[in-house]
Amino acid sequence: MSLMTKEQYVESLRKLNLKVYMFGELVENPVDHPIIKPSMNSVGMTYEMAQHPEYEDLMTVTSNLTGKKVNRFTHLHQSTSDLIKKVKMQRMLGQKTAACFQRCVGMDAANALYSTTFETDKAHGTKYFENFKKYWTMIQETDFTVDGAMTDPKGDRGLGPVEQSDPDMFLRVVERRPDGVVVRGAKVHQTGIVNSQEVIVMPTIALRPEDKDYAIAFAVPTDADGLFMIYGRQSCDTRKLEEGADIDVGNKEFGGHEALTIFDNVFVPNDRIFLNGETEFAGMLVERFAGYHRQSYGGCKVGVGDVLIGAAALAADYNGAHKASHVKDKLIEMTHLNETLYSSGIACSAEGYPTEAGNYQIDLLLANVCKQNVTRFPYEITRLAEDIAGGLMVTMPSEKDFKDPVLGKYINKYLQGVATVSTENRMRILRLIENITLGTAAVGYRTESMHGAGSPQAQRIMIARQGNLAQKKELAKKIARIDESQNKK
Amino acid sequence: MKVGVKYCGGCNPRYDRGNFAQKLSNEFKGIIEFENAQETNQYEALLIISGCTSNCADYTSYDMGKAVIFATEEASFETVVKELKQMLNK
C-alpha cells in the first residue's frame, strides 16, 4: 500500500495509543475530538487529493527508493521540477483547507536527513544513510504522516545546551545502550504531531564538540513509551465545542494544531538513529531543514492567502462596496503581495541543486528571502482584509443569537447588506475572515508566518551569509572605475 | 475512440478543468470515450487539461497514442473539439 485513502489514514490514527492532554485531561479519542478533528481533516486532504485525478499530478510522484507511486509528502526531491511541484502542491492544499495541513515538516525533515546522513557517513564511516533509507522506505510504503520535531525549549537563549541550569532544555541522550539510546527533553510548537503516526527528531541549532549528547537525530512512533503531547491553545478554540457550531467557527471543516511534546526517557533503537554525536553535522541538518521549510511557506501561506483575498472580495460584494476604487486597489495590493510570496517560493525551487546524496536542495538565499517576506506580507494582507471586511467582523452577534426566534429577525434585518445576499452568507464570510486573521487559523497564517521555520532574524543572518556582498562591491568598483592602489595605506 | 485525460495538479487554475472535461464528454457523447488517464492503458490520443499556460503536467509515463492535445484555458475548448474531430475523420 503506497497510497492510503483518507479513510485508511483516519483508521490508522485510531489504532495509535496516543497520549494527548488538553485542558488538564487525557484525551480519550483524539480522532473524534471536536477541537482536534478539523486539523485531522486538513491532513486528510493530503490523502484525498492524492486520489483525485485533477490533483494527482501534484500530489503523487515516483519514488527514487522503490520506483513506486508515492504521495509527494513522502518524496525525496529528484529535480528542480520536483521542488517547484512541491510549492504548487502546498499552494493548492492551502486553497482547499485555508489552514495548515501539517505534513510539510516531515517531508522537509526527510529531505534534509537524506542528504545530511549521506555526508555524515562519508566523513565518519557511520551507517545513518542506510538507516534512514530503510526507515523512509517504510514511510513511503505505509504513506504515514511524519511530524518533524526541531524546536527545543532552549531555556536561557544566552546559553548553549550544556550551560543551561536544566540540561533538558535541549533534547539529549541520557543513556547509551548496546541496542540504542534513551532520550529526554521536549520539542515545542509541534505542528500536526497529534495527526502523525511517526515523529522525526532533530537538533535545533549548530552544536559544539562539547554538545555531543545533544547531537541526536532519530525517529519513533508517536505512541512510543514516554512520549506525550500537551495540546496548544488557539484563539477562539472553544467555539468548536459549542453545540451546532458552524457559522461562528469560520472554517468548520479544517484547521491546524501545535502541541508541546515531551520525551520522558524515550528509547530509540539503533536502526532508527540518524545522527548520534557527530556535532559538526547538526548545523548542516538544521540549515537544510530550515531551507526546505522556508521554501514551503512560499506555497502553503499563498494558498491560504488566496482564500483570504477571495473572502475579502466577497465581503465587499456582499455589502455593496465592491465597485469602490479603493477596495479594488486593496484587492490588487493583496494579490500583489501574495503572488510575490509565491514568486520567491518558485524561484528558490527553480534555482535548486543536487546534493551529494542525489536529492535536490533549494537555493538557500532565495528560500530565506521567501520566508523573510512571509514574516511581513501576510500581516499586510490581513490588515487589508480587515479593512475591507469592516468592524462587523468582530462585533456581530453570535450564531446562537442569529438562530434565536426572537433576536434572529432583528439580526437578519439590520445586518443585511446587498438585498440579494442573505444575512447568513454575509456573516459566514466575515467569520471566515475573522478565523484567518485573528481566530484559530491566525496561528498558522500570522504568528506561524512570523516564527515558523525560524524567526525573521534567522533569515537575515542567512541572507547576510549568502548575499554575496563582496561580489557586489567589485561590481560597483568596476563601474565607478575605482583604482584601490591609489588608496592611502 | 478512446482518449486519456490527464490533468495538471491544479495549483491555481484559471478555469474549472473538471467542467471543461465534462463539456467535452457531452460534446462527443457516444463517439469518444474519455477516461482519466492510466499509465497502464492505451489511448488513441492523450488530452492534457492544464489550469494555466504553464502547462506543467507530467505526462511522459502515459501512452500518447497518435496525438497529445493540450487545453490551457477555457477558450481552448473549440480548438480541442476541432482537433478531436479531425482525428475522428481520418
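Author: The residue in question is D363(A), which is found in the loop between β14 (360–361) and α9 (364–374) of chain A; helices (H or I, at least four residues) and strands (E, at least two) are DSSP runs, numbered from the N terminus. The model is predicted, with local features requiring pLDDT of at least 70 and side-chain atom pairs counting only at pLDDT 80 or more, while totals for chains, interfaces and linings use all residues. Residues are numbered from 1 along each chain as its sequence is written, chains are lettered from A and ligands numbered from 1 in the order in which they are written, and side-chain values use heavy atoms, with hydrogens and water left out.

With a relative accessible area of 21%, D363(A) is partly exposed; buried means under 20% relative accessible area, exposed over 50%, and partly exposed in between (1.4 Å probe, protein chains only). Leaving aside neighbours within four places in sequence, D363(A) is in contact with C348(A), E351(A) and G352(A), where contact means heavy atoms within 4.5 Å. C348(A) is 15 residues from D363(A) along the chain, and their C-alpha atoms are separated by 4.8 Å. The side chain of D363(A) also reaches the backbone nitrogen of L365(A) at 3.3 Å.

The wider context includes the meeting of the two chains. The contact takes 15 residues from chain B and 14 residues from chain A. About 1,200 Å² is buried between chain B and chain A, and carbon and sulfur atoms give 44% of that area; buried area is the accessible area (1.4 Å probe) that two parts lose on being put together, summed over both. Two salt bridges are found across this interface, a salt bridge being a side-chain nitrogen of Lys or Arg within 4 Å of a carboxyl oxygen of Asp or Glu. R17(B) forms a salt bridge with E54(A), with the closest N and O atoms 3.6 Å apart. On the side of chain B that touches chain A, the elements that give two or more residues are β1 (2–7) and α1 (17–27) of chain B.

D57(A), placed in helix α3 (residues 56–59) of chain A, is buried, with a relative accessible area of 4%. Leaving aside neighbours within four places in sequence, the residues in contact with D57(A) include R72(A) and K85(A) of chain A, and K6(B), Y7(B) and C8(B) of chain B.

Chain A also contains an open sheet of six strands in the order β2-β1-β10-β11-β7-β6, with mixed pairing; two strands pair if DSSP finds at least two bridges between them. At the edges stand β2 (25–26) and β6 (172–177) of chain A, each with a single partner strand, so one side of each is left without a neighbour in the sheet. Within chain A, strand β10 (residues 227–231) and strand β11 (residues 259–269) run antiparallel and are joined by five bridges. M229(A) stands opposite T261(A) in β11(A).

Strand β9 (residues 216–221) of chain A has five of its six residues buried, so it is largely enclosed by the rest of the structure. Four bridges join β9(A) to strand β8 (residues 198–201) of chain A, and the two run antiparallel; the bridge partner of E198(A) in β9(A) is P221(A). Three bridges join β9(A) to strand β12 (residues 273–276) of chain A, again antiparallel, and F218(A) stands opposite I273(A) in β12(A).

A search of the whole structure finds 40 salt bridges over all chains. One of them joins D237(A) to R233(A), with the closest N and O atoms 2.7 Å apart; D237(A) is buried at a relative accessible area of 5%, whereas R233(A) is exposed at 57%. R383(A) forms a salt bridge with E380(A), the closest N and O atoms being 3.0 Å apart. Both residues lie in helix α10 (residues 377–389) of chain A, three residues apart, about one turn of the helix. R383(A) is partly exposed, with a relative accessible area of 47%, as is E380(A), with 28%.

Note on methods:
Polar contact = N/O pair within 3.5 Å; in protein donor to acceptor, adjacent residues only side chain to side chain.
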